[in-house]
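User: I'm new to this one. Can you walk me through a few parts of it?
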Amino acid sequence: MLRMLAACSRVVDIVAQPHSLFIGVRGIKRQLRYTPDIEVQVHPSFRDELIQGRALHEIVAAPFLEPTHSYEPVALVFELKSDSDNSVNDDVAQTKMDMVKAVYRHAGHSFFMLHHTPHIDREFTDSLVFLEIAANDRVGALERSLCVLAFGREQWLPFSTLSAELGGQPRGERLVKALHYKHAVSIDLSRGLLPSSPVWLRLVGEQFGNG
């Protein structure tokens, strides 16, 4: 899940186990504690598509062109469940979860319980291994400027073409991947990371700061 979210062009920030809720219940001496798995800051369309029932891996794979500075992100809280988790059939666990949902609803937070199926696709997450090798690479003003020049008047280029324009294999390929994680470009990952995968420019209107 963290691997997918990190590669998503609509995710601005990710925090694992961001906070804990302590819920007091009349008649029970000990407070109930709940700690969510993940909190993310995302573009509002991410939240809207989850509400509509779109699988998380499909949301992550889709390219996104809007520059990150041009919108106000929204916070989403995730509880992750494996397909073998039987707590959904446990009355006590469900009562606790109903209280948790009520607290988040009262606080105005968007809360989602995500099950492995259909939200995580193993083939897709395996393909991200080849993308995330450049996740922590430094990208400065020079690299961003070279990226803009490589696109010319085009809005998108195939991954292989842009990689060749930026230095070829392996330097150019790695730079394109790093630019994706720095939200300078957005790679269409709907079919995985392929030479033909469209790469969209997102830099329009943004300042070329260091990343």
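Predicted model: local features only at pLDDT ≥ 70, side-chain atom pairs only at ≥ 80, totals over all residues.

User: What is the strand order in the open sheet of three strands?
Analyst: The order is β7-β9-β8, with antiparallel pairing. Strands are DSSP runs of E, at least two residues, and helices are runs of H or I, at least four, numbered from the N terminus. Two strands pair if DSSP finds at least two bridges between them.

User: Which strands are at the edges?
Analyst: β7 (156–158) and β8 (185–187), each pairing on one side only.

User: How many bridges join β7 to β9?
Analyst: Three, and β9 covers residues 198–201. Leu157 stands opposite Val199 in β9.

User: Which helix lies across β7, β8 and β9?
Analyst: Helix α7 (residues 141–151), running at about 115° to β9. Axes are lines fitted to C-alpha atoms, for helices over the stretch in contact, and angles run from 0 to 180 degrees between N-to-C directions. Helix α9 (residues 171–181) also packs on the sheet and touches β8 and β9.

User: New topic. Where is His43?
Analyst: In the loop between β4 (38–42) and α2 (44–51).

User: Buried or exposed?
Analyst: His43 is buried, at 11% relative accessible area. Buried means under 20%, exposed over 50%, partly exposed in between (1.4 Å probe, protein chains only).

User: What is His43 in contact with?
Analyst: Beyond neighbours within four places in sequence, His43 contacts Arg10, Phe64, Glu66, Tyr71 and Val74. Contact means heavy atoms within 4.5 Å.

Terms used. Residues numbered from 1 in each chain as written. Heavy atoms only, no water.
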